[in-house]
Number of protein chains: 2
Amino acid sequence: MYKKTMYICTMYSKELLKGTLKTIILKMLSESDSMYGYQITQKVKEITEGKIVLTEGALYPALHKLEADGLLTTKKQTVGNRVRKYYSLTKTGNSDAKEKVEELKEFMETLKAIINLTPQKLAWSI
Amino acid sequence: MYKKTMYICTMYSKELLKGTLKTIILKMLSESDSMYGYQITQKVKEITEGKIVLTEGALYPALHKLEADGLLTTKKQTVGNRVRKYYSLTKTGNSDAKEKVEELKEFMETLKAIINLTPQKLAWSI
DNA sequence: ATCTTATGCATAAGAAAATTATGTAAAAAC
DNA sequence: GTTTTTACATAATTTTCTTATGCATAAGAT
């Protein structure tokens, strides 16, 4: 019998995270030579002070997809008696990463236009 | 025979929009007495300069869900020969709207921590 | 010593939330 | 009079995640 520790405890309704996972992965990898899956979850958790916690069930399939799409390459490395799978960006992956991050920035700017809406601003057009 | 005009043309990969729809709806309604579905799509398009375009297939089910959950109430109004369905926030809906918007703001702040990451910052912990 | 937690990968079942497509119908614009 | 816009709605499908399951080694606690 085995026990699995809980790994979900973001302070946000997780819905918001949807659609941002791949961008997060690509950004993380674009700031490092290479990282392995578990390491990515830990770094993201650390950087966001525990506010964003990637789940394995989402992370690994996403990594596999990105690799299949040619954005990532892998290198296996044995540490002690265990195998780590290091991911790094391909050339395509690198430019895609920049694109996706830019897109996310712009999207966040656009969202602000709605979030910072006041009745006055809305009234102009009603 | 009828023809349906295309209504999808956001400048963003639509993925990013996922999870933000309800928050957007609630925010729009919190800045207005009441709005009807089509009006919401038009206002959002206008405010975001065409960058965010809500689709009917997503909007209406979301509105129905929010109503079923007690966040919205509806009033039907006949204009000419057609019926408009005006939505407005309930008391619960109002506080929920504030909550969701706050959550989105905080989430965006957290995302920034990742997006603005530099190799130096990441290196601290690698 | 042994039990638990942490590390490290992976995949499958199910849910949630969207896209896409379809449908109706009146009003306005051309 | 034909097309576009306004205005609703729902169903089929896809995408993307959560949740659960599974295996296995290493480290830390008791």
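## Hairpin in chain A

In the hairpin of strand 2 and strand 3 of chain A, 2 residues lie between the strands, and Gly80(A) adopts a positive phi near 65°. The model is predicted: local features require pLDDT of at least 70, side-chain atom pairs count only at pLDDT 80 or more, and totals for chains, interfaces and linings use all residues. Residues are numbered from 1 along each chain as its sequence is written, chains are lettered from A in the order in which they are written, and side-chain values use heavy atoms, with hydrogens and water left out.

Strand 2 (residues 72–79) and strand 3 (residues 82–89) of chain A run antiparallel and are joined by 8 bridges. Gln77(A) has Arg84(A) in strand 3 as its bridge partner. Strands (E, at least two residues) and helices (H or I, at least four) are DSSP runs, numbered from the N terminus; two strands pair if DSSP finds at least two bridges between them.

## Sheet of chain B

In chain B, 3 strands form an open sheet in the order 1-3-2, with antiparallel pairing. Strand 1 (35–36) and strand 2 (72–79) of chain B each have a single partner strand and stand at the edges, so one side of each is without a neighbour in the sheet. Strand 2 and strand 3 (residues 82–89) of chain B pair in the antiparallel sense over 8 bridges, and Lys76(B) has Lys85(B) in strand 3 as its bridge partner.

## Interface of chains A and B

Contact (heavy atoms within 4.5 Å) involves 44 residues from chain A and 43 residues from chain B. The buried area, which is the accessible area (1.4 Å probe) lost by two parts on being put together, summed over both, is about 4400 Å², and carbon and sulfur atoms give 71% of that area.

Across this interface there are 4 residue pairs in polar contact, both residues being at pLDDT 80 or more. A polar contact is a pair of N or O atoms within 3.5 Å; within protein, one must be able to donate a hydrogen and the other to accept it, and residues adjacent in sequence count only if both atoms are side-chain atoms. On the side of chain A that touches chain B, helix 4 of chain A gives the largest share, 14 residues.
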